[in-house]
Amino acid sequence: NEGDSVTSHEHDADRAANGDLLMKHSQSATHVALAASREEGLRRVTSLSVQGWPPSVLEFLISPDLLVDLQLPIDVRENSGLKLMSGGFMIPHPDKAHTGGADAYFASPETGCLGIADGVGEWDSFGLNPRLFAEQLMRGCKEASAKISDEHESPVHRAVKVLTAGYATTSAFGSSTALICCLDQPGERLGVSNLGDSTLMVLRRQKSHVMTCVMRTKEQQHTFNCPFQLARLPRDEHYPQLIKEGKATLVRVLRQSSMMPQDTPSMAATYSTSLQEGDLVLLGTDGVFDNLFDHEICALANLTMSPYEASLLQNSELVTPAEHVAAAVAHAAFHRSRDPKAKTPFARHARQSGTHYAGGKMDDITVLAAWVVRPSHSERMRKQSSVHQDIGKV
């Protein structure tokens, strides 16, 4: 019996030793796998570098190595009860820097609506402020978004109603493109109403390190570089006063074009798309999308971090504020617009229409960015958010 006891102890010791050895092998294999995974992550994020952009762009982006440990769970993102956490950035055409340009935008976290307008600068040549109509339009849309709910209709219908009601409030003479988007009451879908050549994109990081475009609006143009636009034109009873103000040329042009049909809010193209936590909604005037290709915007967005992704890494300080995202895209478009040899979407579209054009296109540049977040993240980030530039914000 004593021999059996010794043998049993020996077997126990052997099993313990084997267990320790297996554990060490398992831990070693785990370390190797983690090291390999991190090495692969490093290899992938290295490819995300955005070469060629100036510091004015890069200062708003995160370092690629912050994405190395980001692992996105599959099919577990919130897709209901969502909010929009937004920020905007504007860079006027250098020739209009003293006036701030002719663009305007609004963001209403309470109503879940965003809007962007590109005022037609040619009105300036007739002695009118081209920005005033765009500002009135966006202010009217913001006020309308608080009165028009989507409790019994789709967010698309709400976006159209907001645009229609906003236009009805305008009184300044001028014209502008307009893009409105509204989040529905359940916080699941985004409705869009777009008249003209501004653009909305929804970007989603479907792979751990790459942003892809899952939805994009299309530009509305009558002919090349002649977008649909809302207008408030002087009527016959206004002509005597305009002539007294020295605007006889404007009156003459209006009389010659009085029979031309006008675009209306009902002519806006509409869209609807589902959202997920972590999505990035981008709105930009043509000053952005005439100078940057979609893949370039996605490449810039690769180096941003949403509140959702920062929560996965358990570090809220890693979040890229929405206004920083907007600033990076705006500065990239501005940088490209000043390059006479750059390959740009505008130059490509010009060639397709039989017109020769080379390089970037100088223009007012406005970007409105919004992270799709849960309410808890929205409130936290609103408190932490730094003061951002909102020149022309309504």
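Which residues are buried in helix 3? Buried means under 20% relative accessible area with a 1.4 Å probe, protein chains only; exposed is over 50%, and partly exposed lies in between. In helix 3, the buried ones are P130, R131, F133, A134, Q136, L137, M138, G140, C141, A144 and S145.

Some ground rules. This is a predicted model, where local features need pLDDT of at least 70 and side-chain atom pairs count only at pLDDT 80 or more, while totals for chains, interfaces and linings use all residues. Residues are numbered from 1 along each chain as its sequence is written, and side-chain values use heavy atoms, with hydrogens and water left out.

At the N-terminal end, N129 is the cap, with a side-chain oxygen 2.9 Å from the backbone nitrogen of R131.

Next, helix 10, residues 322–337. Its 16 residues should span 22 Å at 1.5 Å a residue, and the end C-alpha atoms are 23 Å apart, so the two agree. Of those 16 residues, 14 are buried.

Last, E296, in helix 8. E296 counts as buried because its relative accessibility is 14%. Its side chain reaches the backbone nitrogen of F293 at 2.9 Å. Beyond neighbours within four places in sequence, E296 is in contact (heavy atoms within 4.5 Å) with N291 and R336.

How values were computed
Helix = DSSP H or I, 4+ residues; strand = E, 2+ residues; numbered from the N terminus. Expected span 1.5 Å × (residues − 1). Polar contact = N/O pair within 3.5 Å; in protein donor to acceptor, adjacent residues only side chain to side chain.
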